[in-house]
Amino acid sequence: MSAHAVLKQTPLHDEHVRLGAKMVDFGGWSMPVQYSGIIDEHNAVRGGLGVFDISHMGQFFTEGPDALGWLNDLLTNNVERLAVGECQYTFLLNDSAGVIDDLIVYRIGDTSFLMVVNAAKIDEDFAWMRSHLRDGVEFHNRSDQFAGLAVQGPRSAQLFDAFFHEKFSRPARNEILTVAFDGQTYYIARTGYTGEDGFEVFCPAKYAVKSWNDILRKGAEFGIKPCGLGARDTLRLEMCYPLNGSDLSPETTPIEAGLSIFVDLHKPHFIGREALLRQKQEGVKRRLVPFKMTDTSPPPRSHYAVYKDNQKIAETTSGTLSPTLKIGIGMAYIPTEFARINEQIEIEIRGKRFPAVIEKKPLHRAGSASA
Amino acid sequence: MNVPEDLQYASTHEWLRLDGADGTVGISDHAQAELTDVVYVELPKTGAQVTAGQQVCVVESVKAASDIYSPISGTITAVNDALTGNPALINTDPYGEGWIFKIKVEAGEEIEELKSPVQYREQISGGSGEGEGV
């Protein structure tokens with residue numbers, strides 16, 4: 001634990017320390033990896049309620065008569081499909097269709113949009129997007145001014161009602177509410193990264209501590225637990241949600257990652273489109289697929305070798321012990337010829353190979369998000 | 001954190017309980033708390049000859065794999081097979097049912113190299129900054 005570099009802190013840093021969180025360096029941020037324990041927090045979210053600090057993530061705002069057209073030329077999904085108050089998952093690609101970042105774009109007004117991007121990519125995304133900026137579009141990085149709290153779990157809707165009673169009705173899945181609360185603008189989206197029902201709240205940074213403590217206090221009757229990045233990772237991996245930097249990179253495309261449904265190739269133009277069309281025509285050589293260990297094994301982790309018929313065919317990009325399934329799980333880019341459900345593979349862990357099987361997405365199917 | 005008085009400690013957070021030349025080894029309460037949620041233990045091999053400071057097995061939490069080092073030289077005489085089915089014993093009872101292996105100690109004078117409970121308590125309270133591993 002020799003964190004000599006100066007780590008960035010979210011507005012909730014002191015609250016995490018006060019709650020006894022174990023803090024780690026996450027992409028240059030001092031973040032809580034766990035409070036009571038990863039499995040305990042994971043189970044709280046699957047079975048009840050948890051809250052995560054996601055203030056490290058970035059918030060970009062854009063508006064103007066051509067903001068929609070500009071975004072549609074930069075992002076893979078079709079922003080035109082969004083009504084005001086709706087959001088979509090999408091990709092920011094480089095010219096060869098490699099993933100710069102995966103993000104959510106929210107249409108918060110007729111000509112205004114909020115984007116939530118990965119913490120480690122804030123500067124790169126902003127520079128890339130700004131280098132393509134055009135007249136008639138305003139574009140701002142307000143990541144430092146906003147905090148983010150993710151309330152996740154099947155009891156999230158009850159907590160929402162406890163806060164707002166009849167004042168606001170809950171946004172539907174993939175919708176966002178802009179509300180004035182305590183005299184401030186809060187964005188409350190029905191989104192998340194866990195597979196459970198939940199809300200992501202973006203509020204002014206100076207209201208982060210108050211919001212966090214209000215949520216913990218009001219959430220107490222629903223058994224809420226503060227949750228760290230450790231549980232966030234096991235929850236998202238059970239759902240096969242990719243993590244940029246592990247499962248996505250500038251060397252991989254959304255087609256290879258099996259996420260084509262978030263790419264609209266019918267759009268006349270967006271950065272990376274030509275490369276994607278070519279890849280679609282020629283067929284991909286590898287695909288990102290989830291796997292499950294078939295026997296007791298050490299937990300798989302990223303960068304473990306994957307074998308088929310004694311040949312190394314890939315490396316894992318993510319891995320963990322699934323607290324819900326109680327067995328090792330992970331993901332890897334597998335050559336297309338083997339990237340089939342029920343295909344038997346082996347994962348090499350400390351020089352020994354353990355059997356695994358390629359599975360269908362998601363690995364956990366009972367999440368309340370799909371309810 | 002619980003640091004029993006009757007044990008010796010390595011700076012890498014293993015404890016050693018000695019009964020003559022018969023030693024028992026596990027990891028400290030502090031170490032298990034840092035790891036949390038032990039989900040897999042790769043036990044050493046009975047009969048293996050090991051030297052003090054040698055990596056002999058691996059304890060894995062959800063988040064990370066941690067190497068476990070022998071605090072003393074000797075021959076491993078037994079391993080705690082109960083950890084295979086219930087690795088969380090390391091969390092729930094690190095100085096009892098969560099023991100990892102037993103060792104026939106060869107060089108008794110190596111005990112001098114280990115930390116007393118007072119010294120180990122000082123280390124984990126942030127004093128010395130020593131200690132790799134867990």
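## Briefing: strands, domains and contacts in a predicted model

Six bridges connect strand E19 (residues 344-349) of chain A with strand E20 (residues 352-358) of chain A, and the two run antiparallel. Strands are DSSP runs of E with at least two residues, helices are runs of H or I with at least four residues, and both are numbered from the N terminus. Two strands count as paired if DSSP finds at least two bridges between them.

This is a predicted model, in which local features need pLDDT of at least 70 and side-chain atom pairs count only at pLDDT 80 or more, while totals for chains, interfaces and linings use all residues. Residues are numbered from 1 along each chain as its sequence is written, and chains are lettered from A and ligands numbered from 1 in the order in which they are written.

**The barrel of chain A**

- Ile345(A) has Ala356(A), in E20(A), as its bridge partner.
- Six strands of chain A form a closed barrel in the order E15-E18-E17-E16-E19-E20, with antiparallel pairing.
- On average, neighbouring strands of this sheet are turned by 45° against each other, direction ignored.
- Helix H7(A) packs on the sheet and touches strand E17 (311-322) and strand E18 (327-335) of chain A.
- The direction of H7(A) makes about 120° with that of E17(A); axes here are lines fitted to C-alpha atoms, for helices over the stretch in contact, and angles run from 0 to 180 degrees between N-to-C directions.

**Two domains in chain A**

- Chain A is split into domain 1 (8-56 + 144-237) and domain 2 (285-361), with bounds that come from an automatic or database domain assignment.
- The C-alpha centres of domain 1 and domain 2 of chain A are 31 Å apart.
- Contact between them involves seven residues of domain 1 of chain A and six residues of domain 2 of chain A, where contact means that the C-beta atoms of two residues, placed from the backbone, lie within 7 Å.
- On the side of domain 1 of chain A that touches domain 2 of chain A, helix H2 (38-47) and helix H7 (229-238) of chain A are the elements that give two or more residues.
- H2(A) supplies the largest share of that side, four residues.
- By residue class, that side of domain 1 of chain A has two nonpolar, three polar and two charged residues; Ala, Val, Leu, Ile, Met, Phe, Trp, Tyr, Cys and Pro count as nonpolar, Asp, Glu, Lys and Arg as charged, and the others, Gly among them, as polar.

- Strand E8 (residues 112-117) of chain A has five of its six residues buried, so it is largely enclosed by the rest of the structure.
- Buried means that 20 or more other C-beta atoms lie within 10 Å of a residue's own, exposed means 12 or fewer, and partly exposed is in between, with C-beta atoms placed from the backbone.
- Strand E5 (residues 58-63) of chain A pairs with E8(A) in the antiparallel sense over six bridges, and Gln59(A) stands opposite Val116(A) in E8(A).
- Strand E7 (residues 99-107) of chain A also pairs antiparallel with E8(A), over four bridges, and Arg107(A) stands opposite Phe113(A) in E8(A).
- Four residues make up the hairpin that joins E7(A) to E8(A).

**A look at Thr178(A)**

- Thr178(A) sits in strand E11 (residues 176-181) of chain A and is partly exposed, with 18 other C-beta atoms within 10 Å.
- Leaving aside neighbours within four places in sequence, Thr178(A) is in contact with Ile108(A), Thr185(A) and Tyr187(A).

**Where chains A and B meet**

- Nine residues from chain B and eleven residues from chain A take part in the contact.
- Strand E4 (residues 38-42) of chain B gives the most to the chain B side, with three residues.
- The chain B side that touches chain A divides into four nonpolar, one polar and four charged residues.
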